[in-house]
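Thanks for taking a look at this one with me. Here are a few notes to read alongside the structure.

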Amino acid sequence: MRRQSFSVEEDQLISRIVQQTGVDDWSLVKSKFGGRRTSKQLRERWQNHLDPRLSTSEWRDDEDETLFSLQRQLGNKWKLISQLMSGRSENAVKNRWYSAATRKKFPHWERQREAEETEES
């Protein structure tokens, strides 16, 4: 089956159903939603895109520093890190980490990595 983007109508329907049922029973949300989407797809759409508590603004420097610090302390536990970073989804946190790390946005991270490589030699 080919993946299809969610339509505006689907997004609105998910939001209405979640207002009625809450976010604890995605099987119930699926039963009210109908259609060809799975409960997992509906949950992920809500958690990563539709939840009104999510921030879609540009990442601030202080958020980057918090992300860097939490990742150093906790490792790649993205769900836990996202819970500690108000308004950012697990997916957004993970994507930000990897995109920033590959662009070397975190100068501390690069210096730490260089120090670790020096210690290993």
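Predicted model: local features only at pLDDT ≥ 70, side-chain atom pairs only at ≥ 80, totals over all residues.

1. The space in the largest pocket comes to about 520 Å³. Its lining has 18 residues, and those closest to the pocket's centre are Gln47, Lys79, Ser82, Ser89 and Glu90.

2. Next, where this lining comes from. Helices α3 (39-50), α5 and α6 each supply at least two residues to the lining of the largest pocket. The largest share is that of α3, with five residues.

3. The second largest pocket holds about 320 Å³ of space. Its lining is made up of Arg3, Gln4, Ser5, Phe6, Arg37, Gln41, Glu44, Arg45, Asn48 and His49. These divide into one nonpolar residue, five polar and four charged.

4. Arginine 37 lies over the face of phenylalanine 6, at 3.9 Å from the ring centre. Elsewhere, arginine 88 lies over the face of tryptophan 59, at 4.3 Å from the ring centre.

5. Now to the aromatic rings, where the structure holds two pairs. In one of them, tryptophan 78 and tryptophan 97 have ring centres 6.3 Å apart and planes at 40°, so this pair counts as tilted. Tryptophan 78 belongs to helix α5 (residues 78-84) and tryptophan 97 to helix α6 (residues 90-102), so the pair ties together parts that are 19 residues apart in sequence. Both of these tryptophans are buried.

6. Tryptophan 78 also pairs with tyrosine 98: the ring centres are 5.8 Å apart and the planes stand at 65°, so this pair is edge-to-face. The cut-off behind that label is an angle over 60 degrees. Here too helix α5 meets helix α6, with tryptophan 78 in the former and tyrosine 98 in the latter, so parts 20 residues apart in sequence are tied together.

7. Buried means under 20% relative accessible area.

8. To put the rings together: Trp78, Trp97 and Tyr98 are linked by ring pairs into a cluster.

Note on methods
Residues numbered from 1 in each chain as written. Heavy atoms only, no water. Phe/Tyr/Trp six-rings, centres within 6.5 Å; stacked < 30°, edge-to-face > 60°. Helix = DSSP H or I, 4+ residues; strand = E, 2+ residues; numbered from the N terminus. Buried < 20%, exposed > 50% of the residue type's maximum accessible area, 1.4 Å probe, protein only. Lys NZ or Arg CZ within 6 Å of the ring centre and 35° of its normal. 1 Å grid on protein atoms, 1.4 Å probe; cavity = no way out; pocket = protein on both sides within 12 Å on 5 of 7 lines; lining within 4 Å. Points joined across faces, edges and corners; volume = space filled by probe spheres on them. Nonpolar A, V, L, I, M, F, W, Y, C, P; charged D, E, K, R; others polar.
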